[in-house]
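Welcome to this tour. Open your viewer, get your selection tool ready, and follow along stop by stop.

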Amino acid sequence: MSEIRRISNLSAQSKKSSGPYTEGKKLIYQGPLKVSDLAKLLKLSEAQIIKNLFMKKQMVTINNILNTDTIAELCLDFNYDFELIEESGDVLDVNLSAVIDPPKDLKPRPPVVTIMGHVDHGKTTLIDTIRSSNVAGGEAGFITQAIGAYQKEIHGKKITFIDTPGHEAFTAMRSRGTKVTDIVILVVAADDGVMPQTIEAIDHARAANVPIIVAVNKIDKLGADVNKVKNELLAHNVIAEEFGGDIIFQGVSAKKGTGIEELLDAILVTSEMLELKANPHRYAYGTVLEAKLERGEGPKASLLIENGTLLSKDFIVAGASFGKIRRMSNENNKVLKQAGPATPVSIIGLDEVPEAGDNFIAFETEKEAKELAFKRKQAKIDVMRGSSEGLKLSDLHQKVSDGELIVLNVIIKADNSGSAEAVRSSLEKINVQGIKLNVIRASAGQITESDVLLASASNAIIFGFNIRPSTQVRDLAERNKVEIHLHRIIYALLEQTEAALKGLLKPEFEEKVTGQAEVRAIWHASKVGTIAGSMVLSGVLKRDQSARLLRDGVIIYEGKIATMKQVKNDVKESRAGFECGMTLLNYNDIKEGDIIEGFEMVEVKNG
């Protein structure tokens, strides 16, 4: 597709803005300001503002954005009067329909198909078969925990597929899927039948007012009963065509490929009836499907373009993040110069990781994009504020028993934003009398010093999902008496939290980190595998002990240290300040910069 001339998404009114200024010793401002900009207006050095906020346990740099309340406090601290001018209208969002699409510009677009259903009913395997790929093989425990989007050409026509996780914890992620979808494929296992998340998926599809096609999977398995599935779905008003309804049912075996061609034909027929169209002659907008911090690339976001054409050099705002696209690629990592409606793409170039579910919009100028991102950042800062008394998770029940109403502030950090959102959604569903759980931050990436400082200032507990903090972050948390709870399985995290809230938490063992080493060189030996030349940064690491490999704070491997050498000699252990060579048991994908962390489980002494 050749480059096309696009019209802006913005109405003329949304382009107006007025800047802050001073009148003598009075600051007049309309919204949030950067530290550096505020310093110029108040005739101060950036260091003065940074020091002032640091003393209040707020860690900022010259590029951080200050909310309106913080600006007012700083004015008072530095003997300035202030006046906040209220803006009219909604400044946080842009009306994406501000440009009306002329009928002549509307062109047919691919359907967006969301695969939904209960956990382990074969959704990802179905996509594997359609794409002739192996997505499921790369999933931990073969359970999807992040949204994926893929495009496939069928009989000369493109179809975009979205794979959503099936576990109940990911309700919000499935809900997002139906917001951007045209057709829902409801996957139901023929041997298992209708389950709780099957019903939930039906509700989401109906709420989005999109047609459903039922794929009855695993018809090759012993005990498979397609008619039983049809009868069970009758109770939920999902009525097959043969029973007088309008729902297409198709029996399939995702593993063997049976019935897949017929299912794809059903998708194309349904798509033709919907007459799906979009306007490629406008700046793109759409939804962030997934986002994470990628080593060597920075913030990386998977986007679904709902309308317009996205170019590889566009300025975009995704949620509160902003940037100029540095690279745009499809699901096969092929670099794209442009992408049209209903196309899933991956981009890098944003200044921070957006949240899954955020909308994105492309702009014709950097100024417009910056203004919107600036205001959205302010909104994020405002909702993250909160306070409560500092306490330990294990102390909660006793305090409630003493008659106290507890507000438990929580910070959630996870390996990707979809997982962070899932943990948030699940924790907020825990209902224990006398305790209110308040999530003040839920985002992707490793636990940072900024997270610990926020937890300290707001007396929060930090939950880490599938990530580990660095030694420096652990030390800072210990000094600030901030609790960090780390988990790899969402069920375990929820069970521990609920047990603590109900006073049932009786830990017998806890994990103790013995030491961390940084991988600084790699060697490959045919007999032993990958050897990690490492510097021990803290504590002690021992041969044969339990260990994990961390990459940018995310757990890549968990097992044991297989061998350990210093120079050419086998050693049993290596301490902080010493170099050593290590191999990990049955694992060779080690890279420079990785962290090897040793740990052990120690008995908790009660009383």
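**Before you start.** This is a predicted model, in which local features need pLDDT of at least 70 and side-chain atom pairs count only at pLDDT 80 or more, while totals for chains, interfaces and linings use all residues. Residues are numbered from 1 along each chain as its sequence is written, and side-chain values use heavy atoms, with hydrogens and water left out.

**Stop 1: two helices.** Select residues 417-429 for helix α11 and residues 490-501 for helix α14. Helices (H or I, at least four residues) and strands (E, at least two) are DSSP runs, numbered from the N terminus. Now show the side chains: Ala422, Val423, Ser426 and Leu427 of α11 meet Ile490, Leu493, Leu494 and Thr497 of α14. Contact means heavy atoms within 4.5 Å.

**Stop 2: another helix pair.** Pick α4 (residues 123-131) and α8 (residues 260-274), whose axes come within 11 Å and cross at roughly 90°. That makes α4 roughly perpendicular to α8. Here Leu126, Thr129 and Ile130 from α4 meet Ile260, Leu263 and Leu264 from α8.

**Stop 3: the sheet.** Next, find the open sheet of six strands, ordered β8-β9-β7-β10-β11-β12 with mixed pairing. Two strands pair if DSSP finds at least two bridges between them. Select 148-154 (β8) and 248-251 (β12): these edge strands each have a single partner, so one side of each lacks a neighbour in the sheet. β11 (residues 212-217) pairs with β12 in the parallel sense over four bridges, and Ala215 stands opposite Gln250 in β12.

Stop 4: Click on Phe374 in helix α9 (residues 366-384). Phe374 touches Pro32, Leu33, Lys34 and Ile65, leaving aside residues up to four places away in sequence. Leu33 is 341 residues from Phe374 along the chain, yet their C-alpha atoms are separated by 8.2 Å.

**Last stop: confidence.** Colour by pLDDT, the predictor's confidence in each residue, from 0 to 100. The protein averages 81, and 82% of the residues score at least 70. Over residues 87-92 the pLDDT is below 50, and it stays under 50 over residues 385-391 too.

Note on methods
Axes fitted to C-alpha atoms, helices over the stretch in contact; angles between N-to-C directions. Parallel < 35°, antiparallel > 145°, perpendicular 65-115°, else oblique.
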